Every structure is written in structure tokens, then in C-alpha cells.
Amino acid sequence: MKHLMPTEAWQWLQAHAGDPPERAPLFIDVRMEIESLYVGRPPGVINIPWYEYPDLTPDPDAFVARVLAEADGDKTRPVLLICRSGKRTLDAGAALEAAGFTDVAHVVHGFEGELDEHFHRSSRNGWRYEGLPWEQM
């Protein structure tokens, strides 16, 4: 799995913006849907939660199946994963690679980044901290 800093991930996505739709990278937000909607998310990201409320238990097989469906069955299609802090994406990416996906990357520090000394996010690192495009419901 490739580890891309937020700015690197954005540049990589922009470099592939002209790819044919069937080869364009899948940008997947693995956070719960409510996190993605209310906390904010990069534009164009596809929400496929690694786990969902109320169970909060990952189902790797179901996750892989949903990503495979988005990829139209192509395990060579590039996949970029993002979560809150870059931790869930490691497990989700490992599940994709174990299932045969060959081009998986994740956003280091995720959308909100690490906690600071006051237990706040988006103040040290992450997608939002870097000033990259995002939207919020």
C-alpha cells in the first residue's frame, strides 16, 4: 500500500483527472456515513464505510465486495482511501490487498489528522488542515 500525504494524494488525483472513467482512481472514504456527511469530505469521494453504527465492527468481505462493485470488477483499478486520521484506511487497504487489489493507497493523517494537546483535530495535519478542497452537509 502506498502512503500519500494529503497534498500528494490531491496532486495524484489531479494527475489522473483525465483518465478514462473505467480507469480513473476510486477515491473512497471509509468513515461512517454520518462522519463523512457532517464532519466534511473531499468532493467526489465515494463513501464505503469500513464499519458502521451501531455495530462498529468491520466486515472486510462486505467492504471488499462493495469496492469491487465500484471498480466494475477490476482489481487493478487504482484505489485511494481516506478516513478521519489515517488509521482505518490501513486495515481497509490491507483487506483490499489481501483480496487481490494491486494499486491501493491511503491518505496519511486522513481528513482531520491527529489530535493536538487540547484533543482537537484539523489543527496539526490532515486533508482539511492542508487547505485541500472539501465540502460539508
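The sheet first. It is open, with 5 strands in the order β1-β5-β4-β2-β3, and the pairing is parallel. Pairing here requires at least two DSSP bridges between two strands. Strands are DSSP runs of E, at least two residues; helices are runs of H or I, at least four; both are numbered from the N terminus.

A word on the source. This is a predicted model, so local features need pLDDT of at least 70, side-chain atom pairs count only at pLDDT 80 or more, and totals for chains, interfaces and linings use all residues. Numbering runs from 1 along each chain as its sequence is written, and side-chain values use heavy atoms, with hydrogens and water left out.

Now β2. It joins β4 (residues 79-82) through 4 bridges, running parallel. F27 has L80 as its bridge partner there. L80 also stands opposite A105 in β5. β4 and β5 (residues 104-107) share 3 bridges, again parallel. On β3 (residues 46-47), β2 makes 2 bridges, also parallel. D29 is the partner of N47 in that pairing.

Side chains next. In a regular strand they alternate between the two faces of the sheet. From β2, L26 and I28 point one way, F27 and D29 the other. All four are buried, meaning under 20% relative accessible area with a 1.4 Å probe, protein chains only.

S36 sits in helix α2 (residues 33-39). Is S36 buried or exposed? Buried, at a relative accessible area of 1%. Its side chain makes a polar contact with the side chain of D29, at 3.0 Å. A polar contact is an N or O pair within 3.5 Å; within protein, one atom must be able to donate a hydrogen and the other to accept it, and sequence neighbours count only if both atoms are side-chain atoms. Leaving out residues up to four places away in sequence, S36 touches D29, R31, R41 and N47. Touching means heavy atoms within 4.5 Å.

Last, the largest pocket. It holds about 220 Å³ of space. A pocket is an open set of points on a 1 Å grid over the protein atoms alone, where a 1.4 Å probe fits, with protein on both sides within 12 Å along at least five of seven lines; lining residues have an atom within 4 Å of a point. There are 15 lining residues, and L13, Q14, P25, F27 and P43 are closest to the centre. α1 (6-15) gives the largest share, 3 residues. The lining divides into 12 nonpolar, 3 polar and no charged.

Key
Points joined across faces, edges and corners; volume = space filled by probe spheres on them. Nonpolar A, V, L, I, M, F, W, Y, C, P; charged D, E, K, R; others polar. Buried < 20%, exposed > 50% of the residue type's maximum accessible area, 1.4 Å probe, protein only.
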